[in-house]
Amino acid sequence: MKKKFLAFLLVVVMALSIGIAPVYAAPGDPVDPEDAALAFNPDTGYTTLNVTVDGKALTVKKYGPIVYVANPVSSVGYQSMYVYVPETAVNGIRSGIQLVVGNSGWNATSVPTNTVQNGSTYNSTTNNATAAALAAGHVIAAIGTRSRSIAVNANGEYWGHAPACVVDSKAAIRYLKLNDAVMAGSAERIFITGTSGGGALSAAVAASGNSPDYYPLLAQIGAAGIASDGSSTLTDDIFATIAYCAITDLGNADLAYAWQYQNQRTLAPATTAKPSVLTQAGLDATDELAENYATYLRGLGLRTENGSLLTVTTMKQAIIDQVAREVEESWVEFGNVPALGGTFPSGSGAWAVNDWLDFDQASGTVNGVDYDKYLSWLARKQALKTTPAFDNVGTSLPSGQNETNLGGAVGVAYRNFTEWSWNNNILSGDGSGPDDTGLSWAQYITTAEGAAVVQQIKMINPLAYLKDSADADSAPYWYIRHGMADRDTAFAVELELYYAALNSSDVKDVNFELAWLQAHSGNYDVPEAYAWLAGVFAEANATYATFSGPTEVPAGTTAEYTVGLGRFANFALANIEIAYDGNLSFDSAQVIGDKFVIYEVKDGTAANTKIITIASLDPEYLNDGQEDILKLIFTATEAGSASVTFVGIDGYEYGAGNNGISINVALPDATTISTTVTYDPLDFNRDGVVNLLDLIKAQSYYNVASGDPKWSEVVTLGVDVNGDGIVDLADLIEIYTAISARLAA
């Protein structure tokens with residue numbers, strides 16, 4: 001009896017130990033010849049970098065520079081990228097792609113060449129986003145993009161006007177998606193990150209996924225998956241964004257800035273020459289812009305957490321609430337919040353004194369925030385921007401070349417893109433304003449040129465695409481930060497973005513804060529940001545299953561139903577339960593593919609139910625995408641409709657604790673069941689029964705010793721029963737004896 005069993009044991013162990021090597025399918029011949037020119041070859045074109053991450057040596061392949069469009073507008077690397085692939089990155093959704101953009105000040109960014117530097121040491125506990133990505137095993141794609149402030153090309157064209165930076169970023173995303181099969185990381189897990197103008201770019205790209213607004217411009221530069229007729233065969237939506245201090249909603253940011261800082265402006269002359277000190281014309285302009293903001297904000301139709309309409313009144317309270325929340329969190333984390341009249345940490349000068357925050361250190365709670373004094377404190381810390389703040393070129397007020405040159409056709413340097421600035425442009429010969437065109441703003445935007453400028457500014461504004469009525473697929477996960485001491489745009493603009501994401505049905509999670517005492521900067525909370533990112537990766541990658549098949553089956557005919565399994569890793573056995581209509585008779589279940597076998601089919605506890613137990617042929621199996629695994633065949637016994645219901649699936653994952661595991665299963669109707677399973681110490685295959693299959697499982701670890709990569713599995717399962725640091729014959733004999741005794745009893 002023992003010899004026969006051991007022979008059977010060896011055969012089964014050989015079957016279970018066959019490793020299925022990953023197959024990275026090369027993409028088929030692209031239909032578009034431009035796509036063929038954009039094919040990525042993982043075996044060539046890279047240099048090897050040796051770095052240290054969190055004290056461990058790591059090899060990184062650096063590819064590039066890669067031109068990510070077929071028709072680049074310049075030899076300068078505005079439309080190029082470098083791709084960094086750490087050796088820990090894998091094909092599939094466990095490894096994402098960090099898309100790093102520049103665009104500071106809404107300026108163009110030539111491709112960065114040294115995002116990961118050979119010989120460098122990285123620490124993921126610091127505020128280093130590169131370190132965080134490498135530590136998590138993510139691929140890094142650092143891209144260049146066109147935008148304002150770049151020189152004209154050989155034809156005298158201004159080819160950096162909006163929305164060039166968004167178009168280029170989408171082209172880079174399409175390149176990554178075109179080559180997803182041969183690249184490490186998953187193009188379904190792209191997350192974009194940037195600061196200031198880069199934060200705004202990140203938000204615009206995250207909001208406007210797959211919008212046909214961009215297709216003609218993508219076709220012009222030869223982006224992947226775009227035909228000459230503007231049709232698309234690829235997507236450009238992304239998974240998440242981590243956006244810092246986004247200088248966004250530029251078409252209305254002047255209004256928000258004027259509204260927020262209206263009471264902090266003073267009349268010249270004054271002893272300090274700060275932009276907060278204005279002429280009477282500047283004060284009048286501030287009042288007009290501030291008044292117009294109320295109408296604009298109400299028109300957005302955004303709702304706060306409690307369902308209230310976002311107005312200038314509720315916006316003020318929302319800002320106060322965000323500040324109070326952040327202050328209380330900072331007290332818990334750092335304990336550095338001064339009481340009223342105290343001094344802010346590391347402060348100097350007039351702004352260091354706390355004259356606006358009533359904080360009770362005993363209870364750690366905010367009693368009140370004096371809103372106007374808070375804004376005055378901020379204005380003392382750093383001079384306010386001009387009025388208007390973002391589109392002031394050519395106006396009668398003091399101005400400089402800020403974001404105005406985002407607007408305009410390729411043949412002109414700029415066009416004012418807001419109503420006040422257009423109507424108050426007095427610079428003769430610049431082509432903007434009634435002085436040159438004889439047209440008011442209301443008249444101008446009815447012309448082809450004016451409508452094009454309006455469209456330009458829309459296409460860099462995430463709010464336009466986060467609306468449920470927009471034809472776009474917004475990213476489901478958003479991490480938005482703006483500093484409490486950041487005056488580079490109004491807090492109101494940041495809360496507009498927050499509520500627009502919160503109100504969007506596409507968005508599953510928005511993590512927003514006005515960061516404690518932070519001025520205009522980014523990457524000041526990287527460990528927190530990437531811990532959030534790891535959480536949303538885990539949420540999105542959770543186990544799920546699908547079920548499909550006909551709802552009507554003629555009498556006497558057969559019907560087939562398919563069970564799909566995805567994102568389900570490293571299991572020995574899984575029980576799939578189905579319930580079916582009384583008009584159907586169960587015939588059989590068949591596996592699809594070669595990764596599983598059917599171990600058992602049995603009746604469920606209820607009538608017309610079956611439990612199909614499948615066994616994995618690969619203990620290292622990880623399905624990173626949706627995969628059909630099982631076909632169910634029924635015969636219709638009576639006329640009329642028939643149906644099969646997918647009831648659920650439970651699975652037993654390795655590495656989750658010797659005494660049991662928590663199983664979270666996402667069902668097709670989006671409900672989730674959660675349960676805890678406790679196992680007998682000898683139930684090594686976690687099927688709920690102690691039998692000879694457990695000995696088979698134990699033998700799969702024969703000769704695995706302490707220090708082996710699989711040793712953690714041995715410890716988790718408890719296979720080293722005598723505790724001598726190796727799974728050997730002594731363990732197997734002891735296990736066999738114990739199991740035999742159980743069976744005999």
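Let's start inside the protein: Asp 236 is buried, with a relative accessible area of 0%. Here, buried means under 20% relative accessible area, exposed means over 50%, and partly exposed lies in between, using a 1.4 Å probe and protein chains only. Arg 174 is likewise buried, also at a relative accessible area of 0%.

These two residues form a salt bridge, with their closest N and O atoms 3.0 Å apart. A salt bridge here is a side-chain nitrogen of Lys or Arg within 4 Å of a carboxyl oxygen of Asp or Glu. The pair joins distant parts of the chain, 62 residues apart: Arg 174 belongs to helix 4 (residues 164-178), while Asp 236 sits in the loop between helix 6 (215-220) and strand 8 (240-244). Helices (H or I, at least four residues) and strands (E, at least two) are DSSP runs, numbered from the N terminus.

## About the model

This is a predicted model, in which local features need pLDDT of at least 70 and side-chain atom pairs count only at pLDDT 80 or more, while totals for chains, interfaces and linings use all residues. Residues are numbered from 1 along each chain as its sequence is written, and side-chain values use heavy atoms, leaving out hydrogens and water.

## The chain as a whole

Stepping back, the protein chain holds 20 helices and 24 strands. Of its 745 residues, 51% are buried. The chain exposes about 30,500 Å², with carbon and sulfur atoms supplying 52% of that area; accessible areas come from the Shrake-Rupley method with a 1.4 Å probe, and for residues only the protein chains shown count as cover.

Contacts (heavy atoms within 4.5 Å) tell us about the fold too. Among those with a separation of 6 or more in the protein chain, 70% are between residues 24 or more positions apart.

## More salt bridges

Side chains of opposite charge can pair when their charged atoms come close. The count of salt bridges comes to 13. One of them pairs Asp 525 with Arg 481 (3.0 Å, N to O), and both residues are buried. Arg 481 and Asp 525 also belong to a salt-bridge network that includes Glu 513 and Glu 528.

Lys 631 and Glu 560 make another salt bridge, their closest N and O atoms being 3.8 Å apart. Lys 631 lies in strand 21 (residues 626-636) and Glu 560 in strand 16 (residues 558-566), so this pair ties together parts 71 residues apart in sequence. Lys 631 is partly exposed, at 25% relative accessibility, and Glu 560 is partly exposed at 45%.
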